[in-house]
There are 2 protein chains.
Amino acid sequence: MDEFALIDALKTRFGSAALSDRMPVGIGDDSSVNILPPGHELVSSIDTLVAGTHFPAEAPGRLVGYRAMMVSLSDLAAMGADPLFVLIALILPDDQSDWALEFASGAAEAALATRTHIAGGNLTRGPLSASISVHGSLPSSTAVKRSSAKPGDTVYVSGHLGGAAAALRGDLKDAVLNERYWRPKARLDLSTVLRLTATAAIDISDGLVQDLGHVLRASGLACDLRSKDIPVFPGASLADALYGGDDYELCFTLPPSDHPARQRGHTSWESLGIPIFPIGEVTAGSGITIDGQPPPRTGYRHFV
Amino acid sequence: MDEFALIDALKTRFGSAALSDRMPVGIGDDSSVNILPPGHELVSSIDTLVAGTHFPAEAPGRLVGYRAMMVSLSDLAAMGADPLFVLIALILPDDQSDWALEFASGAAEAALATRTHIAGGNLTRGPLSASISVHGSLPSSTAVKRSSAKPGDTVYVSGHLGGAAAALRGDLKDAVLNERYWRPKARLDLSTVLRLTATAAIDISDGLVQDLGHVLRASGLACDLRSKDIPVFPGASLADALYGGDDYELCFTLPPSDHPARQRGHTSWESLGIPIFPIGEVTAGSGITIDGQPPPRTGYRHFV
């Protein structure tokens with residue numbers, strides 16, 4: 001298919017996900033134009049999935065498109081931001097136009113599920129990969145950084161961990177692989193409460209120990225995790241939960257005054273319907289221990 | 001080099017290009033946070049350069065980094081936007097850490113030259129490519145679209161065309177190849193005057209005839225180009241200027257009231273020091289003719 005014909009067909013697949021009343025210019029011009037809510041700052045991140053590295057080259061386009069969107073959007077959730085729009089850069093081998101259309105359907109499904117719009121992209125020939133830049137907003141000065149955890153904070157995680165790793169290894173049913181690995185849900189429903197209450201946050205893409213390690217290093221602090229409190233996904237191992245990536249749950253720290261059990265009113269965690277679990281306390285020092293012992297390893301290293 | 005060590009080294013190469021007083025959160029968190037000027041809209045685009053398709057795999061990283069930035073930023077100039085920041089997604093084969101550092105130096109040079117800052121990125125293993133998402137701003141409702149040219153407008157181009165194509169073919173000196181192909185200058189200096197005066201604009205990445213064709217199609221109009229008025233780069237052919245890509249000059253339309261010769265005051269084109277050339281008039285109808293004849297071809301097609 002000709003480049004411009006394929007772009008038109010992709011736009012059709014995006015459907016209403018490519019439209020927004022806050023986007024005066026969308027797909028089809030040199031750039032898109034988007035309007036931020038007044039008093040908000042722009043929150044931006046970019047992520048890449050490469051065939052053969054992050055997904056099998058024969059994986060269905062629809063699954064890759066959905067997952068690529070959620071993986072990227074997860075970085076907005078980890079800042080406490082609400083999503084606005086994405087730009088999708090697709091590198092496509094010859095004769096993969098049909099795959100690209102399926103990718104677009106999956107991306108559109110994720111966009112609609114998260115109230116994100118697809119503002120534009122780029123299409124070029126080469127070895128299969130997708131880079132998605134994601135953009136959201138939050139009220140000025142409310143971003144939840146990695147570097148601002150405080151001694152005395154409690155470390156929490158959303159949801160259960162290790163399901164994606166165990167499913168990828170083949171230890172769980174295909175339905176679990178589909179839900180936990182292929183269809184992660186960016187925890188954007190937590191954005192508001194995170195920016196109102198959390199001192200620090202990160203999304204768990206490379207494993208709890210490694211990703212919490214980034215928070216502790218950036219904050220100059222330490223944490224001892226209680227293994228009995230780690231919410232292990234049914235059928236996964238504790239090691240999957242500690243070191244397995246791809247879950248895209250959030251790990252965050254709450255000050256004592258904001259512990260869910262003590263909360264009142266509009267920041268109630270229970271009302272969100274997303275389970276969260278306290279797994280340890282932040283203390284002075286550096287690094288992570290588990291039940292008082294240093295962990296034997298960290299997590300997924302892209303370049304090792 | 002380990003992933004996190006390489007990210008630190010890249011950040012060092014970016015230097016002051018990775019800092020801005022309008023960026024409360026930069027490289028090293030889940031997302032970057034940027035502040036837009038009040039009353040402005042956000043203008044965003046993404047572009048990809050793939051080794052083997054857009055540049056030789058053995059090309060120096062510094063040149064690829066510089067060019068990738070300018071190619072992407074050119075899409076902001078074509079909207080009349082001022083640049084704010086970029087996100088860089090690099091897919092890197094094994095053992096190319098040194099190349100990545102050179103890429104970063106070239107990207108930083110382009111960032112400093114255009115007062116753009118580098119807000120973040122992503123680094124992963126795979127076949128060499130770089131996707132850069134670029135973000136700028138302009139006062140609300142001043143974006144220069146492709147679709148709003150009007151009958152009676154004059155079509156202009158900035159600078160001389162065909163130099164990159166002729167140089168790539170080996171017909172010009174290496175110094176020209178370096179300047180016109182490897183070191184295009186995104187015409188961001190034209191952004192202000194474009195959004196004040198132009199009815200439509202596009203950057204010339206795939207050749208004048210093809211790119212002006214996009215403007216005419218989007219606007220539902222026609223244009224007859226005068227071949228004698230096309231500003232051909234010294235040593236290039238008229239065909240290079242009409243069909244050769246990679247120049248990253250701008251093509252735009254001005255209404256009769258805004259022709260440079262009739263202008264007064266702050267929108268003076270002369271004061272910008274960038275030559276612009278009238279090459280034809282927009283009329284009712286559809287498509288492009290050259291001296292009254294249909295062109296024999298269009299320009300670079302990525303997917304043909």
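Helix 1 of chain A and helix 3 of chain A are roughly parallel to each other, because angles under 35 degrees count as roughly parallel, over 145 as roughly antiparallel, 65 to 115 as roughly perpendicular and the rest as oblique. Their axes come within 8 Å and cross at roughly 30 degrees; axes are lines fitted to C-alpha atoms, for helices over the stretch in contact, and angles run from 0 to 180 degrees between N-to-C directions. Helices (H or I, at least four residues) and strands (E, at least two) are DSSP runs, numbered from the N terminus.

Before going on, please keep in mind that this is a predicted model, in which local features need pLDDT of at least 70 and side-chain atom pairs count only at pLDDT 80 or more, while totals for chains, interfaces and linings use all residues. Residues are numbered from 1 along each chain as its sequence is written, with chains lettered from A and ligands numbered from 1 in the order in which they are written.

Back to our helices: helix 1 of chain A crosses helix 3 of chain A in the right-handed sense (a crossing is left-handed if the near helix is turned anticlockwise from the far one by less than a right angle, and right-handed if clockwise). On the helix 1 side, the residues in contact include Leu6(A), Leu10(A) and Phe14(A), and those they meet on helix 3 of chain A include Ala100(A), Leu101(A) and Ala104(A). Two residues are in contact if their C-beta atoms, placed from the backbone, lie within 7 Å.

Helix 3 of chain A also packs against helix 2 of chain A, at an angle of about 40 degrees and with the axes 6 Å apart. This pair is therefore oblique, and the crossing is again right-handed. Among the contributors are Tyr66(A), Met69(A) and Leu73(A) of helix 2 of chain A, together with Trp99(A), Phe103(A) and Ala107(A) of helix 3 of chain A.

Now look across to the partner chain. Here 53 residues of chain A are in contact with 54 residues of chain B. Strand 2 of chain A gives the largest share of chain A's side, 9 residues. Strand 1 of chain A pairs with strand 2 (residues 40–50) of chain B in the antiparallel sense over 3 bridges, where two strands pair if DSSP finds at least two bridges between them. Within this pairing, Val33(A) has Val43(B) as its bridge partner.
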